[in-house]
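Let's walk through this structure together, one part at a time. Keep the sequence and the 3D view open as you read.

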Amino acid sequence: MSISIKNITKVYGQQKALNNVSFEISEGEIVGFLGPNGAGKSTMMKIITGYLPQSNGEIKVMGLEMAEDSLELKQQIGYLPEHNPLYLEMYVWEFLEFAANLTGVKNRKERITEVIKLVGLGKEQNKLIESLSKGYRQRVGLAHAILHDPKVLILDEPTTGLDPNQIVDIRNLIREIGKDKTVMLSTHIMQEVEAICSRVIIINEGNIVADKPIENISQVSESHKVVKVQFDKSIDLGKFSAIQDVISVTEVGAFTYEFKTASDKEVRTHIFGLAVELGLVVLELALVEKQLEQVFHDLTQKK
Ligand code: ADP
């Protein structure tokens with residue numbers, strides 16, 4: 001197991017930021033840590049990387065415990081904090097050399113050259129960091145995080161504040177870097193998780209509310225399902241609402257309606273039967289898959 005989190009609680013004064021959180025991440029996974037602002041994402045990442053102590057619970061990274069093996073453990077982790085702290089007055093190469101010295105990177109020159117190539121900073125390596133765009137500064141942050149070739153990468157909101165082109169570039173880069181690493185990245189953008197991750201852990205108010213492979217995410221929090229039907233003309237809403245097990249019928253487009261039912265009920269044959277009886281043509285009839293965005297909203301909205 002790359003990361004093993006057991007019953008982690010974090011309390012800041014009166015504020016409980018993490019409430020008995022547990023999960024495990026296997027080697028090679030790219031996991032999206034998704035939650036609204038204030039959910040506890042940064043706190044969890046700071047605890048995993050050893051920047052913050054937990055109030056309770058156990059953490060192991062690559063089988064090592066922070067309390068016992070903090071130096072060795074930090075060698076295994078690359079961390080890109082939310083507010084990527086860079087020395088703006090340094091040149092890119094100079095900064096990476098400085099960082100490589102601090103972390104004791106071997107074959108420094110070769111490794112820096114290799115990392116610069118990997119993150120696409122070839123043309124920028126002799127520029128001042130402050131002269132770079134936010135997207136390129138983020139590349140420097142990623143280069144810094146992977147310089148010592150860690151097995152585990154923790155990326156806190158890596159694309160926040162970037163423009164759409166930069167977002168695509170950084171996502172591609174994370175995918176590339178993540179090929180031979182375990183990656184945990186936090187975000188409040190649902191599409192980010194769908195674009196990069198194989199699994200999503202959703203956190204809300206310090207509690208894990210979902211933990212699923214991306215392809216199964218529509219199966220969480222299902223209390224109802226929705227069937228979308230397009231007819232050839234308008235329907236009598238009263239008649240269709242009266243079908244057994246239909247909770248509601250909503251018009252969502254031209255002659256198109258969404259039927260909401262309990263998740264364990266099947267109403268498609270009844271809708272079709274009534275349509276035939278009333279002389280309506282059914283042009284389309286399909287179960288609407290819940291998208292990640294909807295699941296996220298259902299699980300994290302304030303009650
Ligand atoms: P996220 O990264 O999901 O936005 P955070 O981990 O930053 O969430 O914050 C979780 C909760 O802990 C929030 O309610 C936040 O206000 C609180 N918090 C975070 N850092 C501190 C701190 N240093 N002192 C007090 N409360 C904090």
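Across the boundary, 16 residues of domain 1 are in contact with nine residues of domain 2, where contact means heavy atoms within 4.5 Å. This is a predicted model, in which local features need pLDDT of at least 70, side-chain atom pairs count only at pLDDT 80 or more, and totals for chains, interfaces and linings use all residues. Residues are numbered from 1 along each chain as its sequence is written, and side-chain values use heavy atoms, with hydrogens and water left out.

Where does each domain run? Domain 1 covers 3-219 and domain 2 covers 224-300, with bounds from an automatic or database domain assignment. Their C-alpha centres lie 42 Å apart.

Now look at the boundary itself. About 1000 Å² is buried between domain 1 and domain 2, and carbon and sulfur atoms give 73% of that area. Buried area is the accessible area (1.4 Å probe) that two parts lose on being put together, summed over both. Between domain 1 and domain 2 the count of salt bridges is zero; such a bridge is a side-chain nitrogen of Lys or Arg within 4 Å of a carboxyl oxygen of Asp or Glu.

Finally, find the ligand. The residues surrounding the ligand include Tyr 12, Gln 15, Ala 39 and Lys 41, each with a heavy atom within 4 Å of it. An N or O atom in the side chain of Gln 15 is 3.2 Å from an oxygen atom of the ligand. For Lys 41, a polar side-chain atom lies 2.9 Å from a ligand oxygen atom, while Ala 39 places a backbone N or O atom 3.1 Å from an oxygen atom of the ligand.

Conventions
Polar contact = N/O pair within 3.5 Å; in protein donor to acceptor, adjacent residues only side chain to side chain.
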